[in-house]
Amino acid sequence: MYRLTNAIQHYAWGSPTAIPTLLGTEATGEPVAEAWFGAHSSAPSHCVQEDGTPGASMPEVIAADPARVLGEDVEARFGATLPYLLKVIAAETPLSLQVHPHVARAREGFAEEEAAGVPLDAPHRNFRDRNHKPELVYALTRFEAVCGFRAPRRAAELLEGLDAPLAKDLRAMLAEQPSAAGIEAVFTRLLRPETRPSPEEVGEVAVACAARLEAGSVSPRADRTVVRLQEAYPGDPGVVTSLLLNPVTLQPGDALFVPAGGVHAYLKGLGVEIMASSDNVLRAGLTPKHVDVDELLRNVDYVAAPPIRIAPEKFHGATRAYYAPVDDFELSVTRVDDGHEHPLPGRGPRVLLCLEGRMTVSSRNDGALTLTRGQAAFVPASDGALRVRGGGTLVQADVP
């Protein structure tokens, strides 16, 4: 077992206090959006040496002996790489309207940008690796998002009665095509440069939603989301696209899965995220970062579907495991009372993160390691089965 460092991302939408408080580090006033625990080349973790300083990076540890570190099964399926990335995410303000690509398009897009000589760290680069990025978020606080398309008739109902020309235009489009094709037509109309509404037209829809909210809205959550997004990104067409998307509110302990191709935007909250090891994000709005509408539209799944909430399976009375419908990762959360000991499910290469308390993790093959709040560890596949004792809460990422 190795202690791990994390890599901090200071994106503008992050909270200055939430992640420092969770990890037990000092807040500097700068926004802290994400803490990464993994082997992605953009920001890999490092193994901590005995003197407390960072040592070898996770990719270096894996490359030295992939069969031992990953296990032969994981290496055969994914190559000499950790197939997942674990994060803590803290959204103080809404994130971008975004989609993650499917793996085939990720490979094509990466090859195209490599051939074009676009640097990996270029702000306008879309594909920073060859992988897809399905993801699961586990809420640590109340966590709000919009995710996936509503049924077309429901989206039309939300637009009905809004005293704004743009809303009436979009509703007419959905009335004419109450199908996935109608949703695609409206979504495209809002985002493409040649048809996107002006900031004034977006503002009129936001004003109409605010008026409906004050009068007693039949959909207060949808109207509040429009008002919130207009305050954060005034005039951005993404403000209006939120009326096409499902609202999601997670309470602590709830989990949401976002597949590749799923349009979404996280609005506010603190959570643990696990995803395929990728940093491919295609954005269409609600952000000062690079936007590529054509590439995003190329990757969108327009089929209406409710948000995918993952119900946990319980083990040994202490662990809740969240199994997403992908091969890259699974997540479990173990809560242990003082003095008790429990086995941990899972196998292969594992990343552990202590969310609270003090917990000692032991394996039959490689001794024991004590973790306190905010500390993380990497467990090679060769360490075998794990047990945990102490008191607190431990998150584990592993491979199915």
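UniProt positions are given here in the numbering of this structure, with feature names shortened, and such annotations may be inferred rather than shown by experiment. The "active site" annotation, from an unreviewed UniProt entry, covers Arg283. This is a predicted model, in which local features need pLDDT of at least 70 and side-chain atom pairs count only at pLDDT 80 or more, while totals for chains, interfaces and linings use all residues. Residues are numbered from 1 along each chain as its sequence is written, and side-chain values use heavy atoms, with hydrogens and water left out.

**Arg283**

- Arg283 lies in strand β13 (residues 282–285); strands (E, at least two residues) and helices (H or I, at least four) are DSSP runs numbered from the N terminus.
- Arg283 is buried, with a relative accessible area of 16% (buried means under 20%, exposed over 50%, partly exposed in between, with a 1.4 Å probe and protein chains only).
- Not counting residues up to four places away in sequence, Arg283 touches Ser96, Leu97, Gln98, Lys289, His290, Val291, Asp292, Val293 and Leu296; contact means heavy atoms within 4.5 Å.

**Helices α6 and α7**

- Two packed helices are described by the angle between their axes and the distance between the axes.
- The axes of α6 (residues 152–159) and α7 (residues 165–176) cross at roughly 155 degrees and come within 9 Å (axes are lines fitted to C-alpha atoms, for helices over the stretch in contact, with angles from 0 to 180 degrees between N-to-C directions).
- The angle makes α6 roughly antiparallel to α7 (under 35 degrees is roughly parallel, over 145 roughly antiparallel, 65 to 115 roughly perpendicular, the rest oblique).
- On the α6 side the contact is made by Pro152, Ala155, Ala156 and Leu159, and on the α7 side by Ala167, Leu170, Arg171 and Leu174.
- This contact of α6 with α7 has seven nonpolar, no polar and one charged residues (Ala, Val, Leu, Ile, Met, Phe, Trp, Tyr, Cys and Pro count as nonpolar, Asp, Glu, Lys and Arg as charged, the others, Gly among them, as polar).

**Leu174**

- Leu174, in helix α7, is buried at a relative accessible area of 2%.
- Beyond its neighbours within four places in sequence, Leu174 is in contact with residues including Gly182, Ile183 and Val186.
- Val186 is 12 residues from Leu174 along the chain, and their C-alpha atoms are separated by 7.4 Å.

**Helices α9 and α10**

- The axes of α9 (residues 199–216) and α10 (residues 220–232) come within 9 Å and cross at roughly 135 degrees.
- That angle makes α9 oblique to α10.
- The residues of the contact of α9 with α10 comprise eight nonpolar, two polar and three charged.
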